[in-house]
Amino acid sequence: MMEGEGDGEEGIGEMLVRCMQSLHARGLITGSGGNASARLGGGEEILITPSGVYKAGLGVGDLVRMRLDGEVLEGRRKPSSEWRMHAEIYSGREDVNAVVHAHSPFTTGIAIAGRMIGPITPEVALLLPDVEVIEYACPGTEMLGRLVGSRIVGKRALVLQNHGVVAVGRDLLEAVTSVEVLEEGAITTFVASLMGGVNVIPKEEVELIKKVYKR
Ligand SMILES: [Zn+2]
């Protein structure tokens, strides 16, 4: 789907654009929803997607370079309305260099129904066991930012009740992969539940997967 990003700002920007195009093509965001960012140089600056621009038609020139304290450094657009959520995550997680927020319909729907995505496939069991669903908070607010920032400690992803998902990673590829794996797990769970029942991978087999892939 996507090749590895370059280290420079330009490479990261191109990767952000491709990330949003890919999420849109897969139905994980609409043209107006979702956002993504990447940390620049391992510090206090990030490159983030803008608000008010159709996400599938995004260009590198639409991205906004800003500081974690909210100061915009470069860009002709306004930063994503969820920039506080991104900033809170980066502030609390030195290991995180990329944040992806999508409105994944199956993952979100399963959470709304009060169901969990268990270890239904080896990939889910390995990467995203026990993903927490956090309570609803109004999008774009400081409250949502603080809530996500405090609850994502030590995790790869969270489900935001009645809203979507947020995933983090050492790079964009890692973060977007978590969004995809979670949605695949949600679709598989949905299909299994319609067709007769959700049988997860047994506990000892989950342990074996973790051992084989050293996690
Ligand atoms: Zn959202």
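**Zinc site, cores and helix packing**

His103 is partly exposed, with a relative accessible area of 29% (partly exposed lies between buried, under 20% relative accessible area, and exposed, over 50%, using a 1.4 Å probe and protein chains only). This is a predicted model, in which local features need pLDDT of at least 70 and side-chain atom pairs count only at pLDDT 80 or more, while totals for chains, interfaces and linings use all residues. Residues are numbered from 1 along each chain as its sequence is written, and side-chain values use heavy atoms, with hydrogens and water left out.

**Zinc site**
- The zinc ion has His101 (NE2), His103 (NE2) and His163 (NE2) as its protein donors, 2.0 to 2.1 Å away.
- Donors here are N, O and S atoms within 2.8 Å of the metal (3.2 Å for Na, K and Ca); water is not among the atoms, so sites may look incomplete.
- Along the sequence, the donor residues follow the spacing H-x1-H-x59-H.
- His101 counts as buried because its relative accessibility is 0%.

- Thr107 sits in helix α3 (residues 105-112); helices are DSSP runs of H or I with at least four residues, strands are runs of E with at least two, and both are numbered from the N terminus.
- With a relative accessible area of 1%, Thr107 is buried.
- Beyond its neighbours within four places in sequence, Thr107 is in contact with Ile117, Val159, Val165, Leu182, Glu183 and Ala186 (contact means heavy atoms within 4.5 Å).

**Nonpolar cores**
- A nonpolar core is a set of buried Ala, Val, Leu, Ile, Met, Phe, Trp, Tyr and Cys residues joined through side-chain atoms within 4.5 Å.
- The largest one has 38 residues, and Leu23, Val100, Leu172, Val179 and Leu182 have the most contacts inside it.
- Elements giving two or more residues to this core include α1 (9-25), β5 (98-102), α3 and α6 (172-195).
- A second, separate core of 22 residues includes Met85, Ile89, Leu158 and Val168.

**Helix packing**
- α2 (residues 83-92) and α5 (residues 142-151) pack at about 30°, with axes 8 Å apart; axes are lines fitted to C-alpha atoms over the stretch in contact, and angles run from 0 to 180 degrees between N-to-C directions.
- That makes α2 roughly parallel to α5 (angles under 35 degrees).
- Residues of α2 in this contact include Met85 and Ile89, and those of α5 include Leu144 and Val148.
- α1 and α6 pack at about 10°, with axes 11 Å apart, and are therefore roughly parallel to each other.
- Among the residues making that contact are Leu16 and Leu23 of α1 and Leu172 and Val179 of α6.

Definitions and conventions: Parallel < 35°, antiparallel > 145°, perpendicular 65-115°, else oblique.
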